[in-house]
Amino acid sequence: MSPHAGTAGLTPHTLAFVESPVQLLNVLEWAHLRASRAEAAPGGGLTLVVLSPTDPMTRGQLRRMADLARDEGHTVRWEEARGGPLAPFQTIGGLTRLLRRADRIVMGDPFSRYVQLLLTITKARDLVVVDDGTATMEFVAQLASGERLVRWHRKGGRPGPRDLVFAPVSSVARRRLTPSIRRTVEIFSSMPIETTPEGVTITANAFAWTRATFGPPRITKGADLVGTSLVETGVVDNDRYLEAVATLAKTHGATRYFAHRRESTEKLHRLAVETGLEIVRPDLPLELIARRGPIGRMILSFPSTVVHTLPLALVGTEVRVAVCDIDPAWLTENASPRAQGFLSGVTGTARDVHRLSAVTVA
């Protein structure tokens, strides 16, 4: 791999903000596509700012992804953005100069309060939103309908005190994310986008960088199961989820469970004891893990980003991706009224996957 493979086609003042490994992966995919199209003068670069979270698994994956970004010739700036009460002020203060001279801002999570605050500072004329998983589908829908930006699993609830305090910043960020004569907005996504907001450019993410860099994988005879953080976000009941995983594993002969980076240690321990599954904590996003291999001939998942991204990353292989519906009975009483419809939409719009009915649990 060339140490400068990712620099061609980018302006010297492109600034990207990421808070998760998947966001960083999709920034690399976006940069790769621009370089391959030679859409700008060669010799420029990308400054990639990692707004680091605190949980160890996410930080570990982000550090691995940051190394890959450096290998591609990009500049990586690691910010301990949540390292104490003064960290946000120090981070924003240190980034202000970069923000004001950037011509283009690339972001992975337009719902992030951190990113929204940074958007109030920049005067960049080009804004790019890369995938932050299935939340991108909700962002596009809200942008098209003129709604305020609210994560799908919180939609329908009453705004809390922090939401009200932050409302003016969120409102400014939303206006910045609306195309105008002075500003362009691009969405780089592998998600199905049914309604394109007026003036927004949609660019498809085909995971070309991932396929060019990793694999093809060695494929095993068994099945692998992909974990989800729906329990941790309060959407799905923990006991029902564990019973569903056990049933899926037994039915399809799955032996490994790839944990989501936000799944709790307690839940994973209980899952291992009750199902006998080998718990794997990936050190990279699952798209790279699967492409690198070894990976099962069938990958089982609940509604999540990977039912859209894995078929793209694994195109040309014999791996089959199957998605299991979420039974409404599994939802918690605190789940957003929007939850069931959103999860069904994630499943129903997935391409090149085998759809499984919700498993029956007691």
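How do α1 and α2 lie relative to each other? They are roughly parallel (angles under 35 degrees).

## About the model

This is a predicted model, in which local features need pLDDT of at least 70 and side-chain atom pairs count only at pLDDT 80 or more, while totals for chains, interfaces and linings use all residues. Residues are numbered from 1 along each chain as its sequence is written, and side-chain values use heavy atoms, with hydrogens and water left out.

## Helices α1 and α2

Helices here are DSSP runs of H or I with at least four residues, and strands are runs of E with at least two; both are numbered from the N terminus. Helix α1 covers residues 21-37 and helix α2 covers residues 56-71. They pack at an angle of about 15°, and their axes are 9 Å apart. Axes are lines fitted to C-alpha atoms, for helices over the stretch in contact, and angles run from 0 to 180 degrees between N-to-C directions.

The crossing of α1 past α2 is left-handed, a term for a near helix turned anticlockwise from the far one by less than a right angle; clockwise is right-handed. From α1, P21, L24, L25 and L28 meet residues of α2 that include T58, Q61 and L62. Contact means heavy atoms within 4.5 Å. By class, this contact of α1 with α2 has nine nonpolar, two polar and no charged residues. Ala, Val, Leu, Ile, Met, Phe, Trp, Tyr, Cys and Pro count as nonpolar, Asp, Glu, Lys and Arg as charged, and the others, Gly among them, as polar.

## Helices α8 and α9

Helix α8 (residues 238-252) packs against helix α9 (residues 265-275) at about 40°, with axes 10 Å apart. That makes α8 oblique to α9. Oblique is the class left after roughly parallel, roughly antiparallel (over 145 degrees) and roughly perpendicular (65 to 115). α8 passes α9 in a right-handed crossing. The contact of α8 with α9 has five nonpolar, two polar and four charged residues.

## The sheet

Six strands form an open sheet, ordered β10-β9-β8-β11-β12-β13, with parallel pairing. Two strands pair if DSSP finds at least two bridges between them. β10 (278-280) and β13 (354-356) stand at the edges with a single partner strand each, so one side of each has no neighbour in the sheet. The twist averages 30° from one strand to the next.

Strand β12 (residues 320-324) runs parallel to β13, joined by three bridges. V323 stands opposite R355 in β13.

## Helix α5

Helix α5 (residues 135-145) is mostly covered, with eight of its 11 residues buried. Buried means under 20% relative accessible area, exposed over 50%, partly exposed in between (1.4 Å probe, protein chains only). Among the buried residues are M137, F139 and L143. G146 follows α5, and its phi is positive, near 80°.
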